[in-house]
Amino acid sequence: RILIIQETRKTTSEILQQALESLEGKTELAVRDDVLSGLSAQRDLYPSGWYDPPPGGASILWGTAPFKRLQYNSLRDTQFWPTAAVRFERETVGHVYASSVERRTNMIGDIALTIYVGTRDDIKQHIRACHDAIRTVAEHAQVGMHLSELYDFATGCFQRSNLKIGWMTTQHDPLQINFGHTLPGSYEEQVEFGSTFSDIREMIRSKRIYINRAEKFRIPETCALTVEARLVNIDENMPNALFHFIVTFSRREKKILSDFDAIFESMDMDFMTV
């Protein structure tokens, strides 16, 4: 199952890369539709994602200064669903997210990242700082650690980098605020996902264990969890930046899944690859 998660994440990244080609003038909705077409073309994946709404389990948001489009409370809010009314411009900062589900095991391979091909060096530096801070949290995760310990480390890490959370709420999380969650089925011997895709989506949604300030679940020797956050600088003069990593453990062997580099390279985001 861990291998399936790794492969599904890589495939989903490739689908995003293709959807993000030749962006100038493309609407959020057009790119979202390209993502769903890419999922549908993969016979090992379901044709839409589990995180729905937004429709299809994929989110594309284009923000230009002052970047209000990126200040969402939840991607589930209808006002932040992909629309044909917003087009990609040279100075657009984009949040792109796709959820995916492998058909045989129901393991997921979600990916989300921030893209920017504009000219402002301060925005480039900020996006890179957010990526590096979230990556540092992923690197800190270890077998046996309480999820609340990882949460506490994350808050300290972000503060030291002069970053703070651009809060996103999670309705099913009793504490509302978190930095990620476990992947159901990645650590249990057997999970009854149900027979329909609706059942599968609900099982994934409801059985996640969240990285929040109170969760005492310990990271098992074999499991997968997301480490994700939307960050802004303390002065709030930069756009929110979103990155989503998956951390896998297979009999204690750890691997951090980013799968961003090919997207960065294809978009000439050199500031993210040096």
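Predicted model: local features only at pLDDT ≥ 70, side-chain atom pairs only at ≥ 80, totals over all residues.
Visitor: How do I read a helix, and what span should helix H1 have?

Guide: Helices (H or I, at least four residues) and strands (E, at least two) are DSSP runs, numbered from the N terminus. The expected span of a helix is 1.5 Å times one less than its number of residues. Helix H1 covers residues 2–19, which is 18 residues, so it should span 26 Å. The C-alpha atoms at its ends are 26 Å apart, in agreement with that value.

Visitor: Which residues of H1 are buried?

Guide: Buried means under 20% relative accessible area, exposed means over 50%, and partly exposed lies in between (1.4 Å probe, protein chains only). The areas themselves come from the Shrake-Rupley method with a 1.4 Å probe, and for residues only the protein chains shown count as cover. In H1 the buried residues include Ile2, Ile5, Arg9, Thr12 and Leu16.

Visitor: How many salt bridges are there in the whole structure?

Guide: A salt bridge is a side-chain nitrogen of Lys or Arg within 4 Å of a carboxyl oxygen of Asp or Glu. The search of the whole structure finds 11 of them.

Visitor: Which residue does Arg9 pair with?

Guide: Arg9 forms a salt bridge with Asp259, and the closest N and O atoms are 3.7 Å apart. This pair links distant parts of the chain, 250 residues apart: Arg9 is in helix H1, and Asp259 is in the loop between strand S7 (253–257) and H6. Arg9 is buried, with a relative accessible area of 0%, whereas Asp259 is partly exposed at 25%.

Visitor: Which residue forms a salt bridge with Arg128?

Guide: That is Asp132, with the closest N and O atoms 3.0 Å apart. Both residues lie in helix H3 (residues 121–140), 4 residues apart, about one turn. Arg128 is partly exposed at 21% relative accessible area, and Asp132 is partly exposed at 31%.

Visitor: Which residues gather in the patch of negative charge on the surface?

Guide: Lys and Arg count as positive and Asp and Glu as negative; His and the chain ends are not counted. Patches are made of residues with over 30% relative accessible area and no salt bridge: like charges are joined within 9 Å, nonpolar side chains (Val, Leu, Ile, Met, Phe, Trp, Tyr) within 5 Å. The place of a charge is taken as NZ of Lys, CZ of Arg, CG of Asp or CD of Glu. Here Asp261, Glu265, Asp268 and Asp270 form the patch. Glu265 sits in helix H6 (residues 261–266), and it counts as exposed because its relative accessibility is 53%.

Visitor: Now the backbone: what is omega for the bond that joins Pro53 and Pro54?

Guide: Omega is about 10 degrees, and this peptide bond is cis. Pro54 lies in the loop between helix H2 (28–40) and strand S1 (58–63). The peptide bond from Ala65 to Pro66 is also cis, with omega near 10 degrees, and Pro66 is found in the loop between S1 and strand S2 (93–98).

Visitor: What is the phi of Ser22?

Guide: Phi of Ser22 is near 50 degrees, a positive value in a residue other than glycine. Ser22 lies in the loop between H1 and H2 and counts as exposed at 68% relative accessibility. Arg252 has a positive phi too, about 80 degrees, although it is not a glycine; its place is in the loop between strand S6 (241–250) and S7.

How values were computed:
Residues numbered from 1 in each chain as written. Heavy atoms only, no water.
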